[in-house]
Amino acid sequence: QVQFAESGGGLVQPGGSLRLSCSASGTDSGIFGMGWYRQAPGKERELVSFITTSGTIIVEDDVKGRFTISGENSNNTVWMQMNSLKPEDTAVYYCNVAHRRTDYVFRRGSFGQGSLVAVSS
């Protein structure tokens, strides 16, 4: 079973920045990649950004140019720098491990417990 150590959420004013961190342990074999999803109140969970172990990066349009994902394969760690935050970025952000490509394609895999990011003045 995968264990997650997530940190970095919090309350920030519009235009501010936060950095999310996540380390995953307990993966039995190599993974396809890691990423971040978010779920806003009343909405479905959605992919925000993802990085494969080969370095391919996917960034959803809503956050392109504002959020930057990076990762370290050796210890299954992923970070996401979030700049120019907007109120509509308010959500619970979940770290994700895609154990295989189909986990990424079908938006599944293992998820962390989530970190609340609240953007408000």
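Student: Which residue does the disulfide join to Cys 22?

Tutor: Keep in mind that this is a predicted model. A disulfide is a covalent bond between the sulfur atoms of two cysteines. The count here comes to 1 disulfide. With an S to S distance of 2.0 Å, Cys 22 is joined to Cys 95.

Student: How many residues apart in sequence are the parts that this pair ties together?

Tutor: Look at where each end sits: Cys 22 is in strand β3, and Cys 95 is in strand β9, residues 91-98. Both Cys 22 and Cys 95 are buried. Because the two cysteines lie in those two strands, the parts they tie together are apart in sequence by 73 residues.

Student: Is the link of Cys 22 and Cys 95 left-handed or right-handed?

Tutor: Check the angle about the S-S bond. For Cys 22 and Cys 95 that angle is -85°, which makes the link left-handed.

Student: OK, on to the sheet. What is the order of its 4 strands?

Tutor: Start from the edges, where a strand pairs on one side only: these are β1 (3-7) and β7 (67-72). Put together, the open sheet with antiparallel pairing has the order β1-β3-β8-β7.

Student: Which residue in β3 is the bridge partner of Ser 7?

Tutor: Across from Ser 7, the bridge partner in β3 is Ser 21.

Student: Is Asn 76 buried or exposed?

Tutor: Asn 76 sits in the loop between β7 and β8 (77-82). Its phi is near 50°, a positive value in a residue other than glycine. Since the relative accessible area of Asn 76 is 14%, and the cut-off is under 20%, Asn 76 is buried.

Student: And Arg 107, what does it count as at 37% relative accessibility?

Tutor: Arg 107 is in the loop between α1 (101-105) and β10 (110-111). Arg 107 isn't a glycine either, yet it has a positive phi of about 55°. Buried would need under 20% and exposed over 50%, so at 37% Arg 107 counts as partly exposed.

Student: Last one: how many charged residues are in the lining of the largest pocket?

Tutor: That pocket has a volume of about 200 Å³. It is lined by 14 residues, with Arg 38, Lys 43, Glu 46, Asp 62 and Glu 88 lying nearest its centre. By class, the lining has 3 nonpolar and 2 polar residues, and the number of charged ones is 9.

Key. Residues are numbered from 1 along each chain as its sequence is written. This is a predicted model: local features need pLDDT of at least 70, side-chain atom pairs count only at pLDDT 80 or more; totals for chains, interfaces and linings use all residues. Side-chain values use heavy atoms; hydrogens and water are left out. Two strands pair if DSSP finds at least two bridges between them. On a 1 Å grid over the protein atoms alone, a cavity is a set of points where a 1.4 Å probe fits but cannot get out, and a pocket is an open set with protein on both sides within 12 Å along at least five of seven lines; lining residues have an atom within 4 Å of a point. Grid points are joined across faces, edges and corners, and a volume is the space filled by probe spheres set on the points. Ala, Val, Leu, Ile, Met, Phe, Trp, Tyr, Cys and Pro count as nonpolar, Asp, Glu, Lys and Arg as charged, and the others, Gly among them, as polar. Buried means under 20% relative accessible area, exposed over 50%, partly exposed in between (1.4 Å probe, protein chains only). A disulfide is a pair of cysteine sulfur atoms within 2.5 Å.
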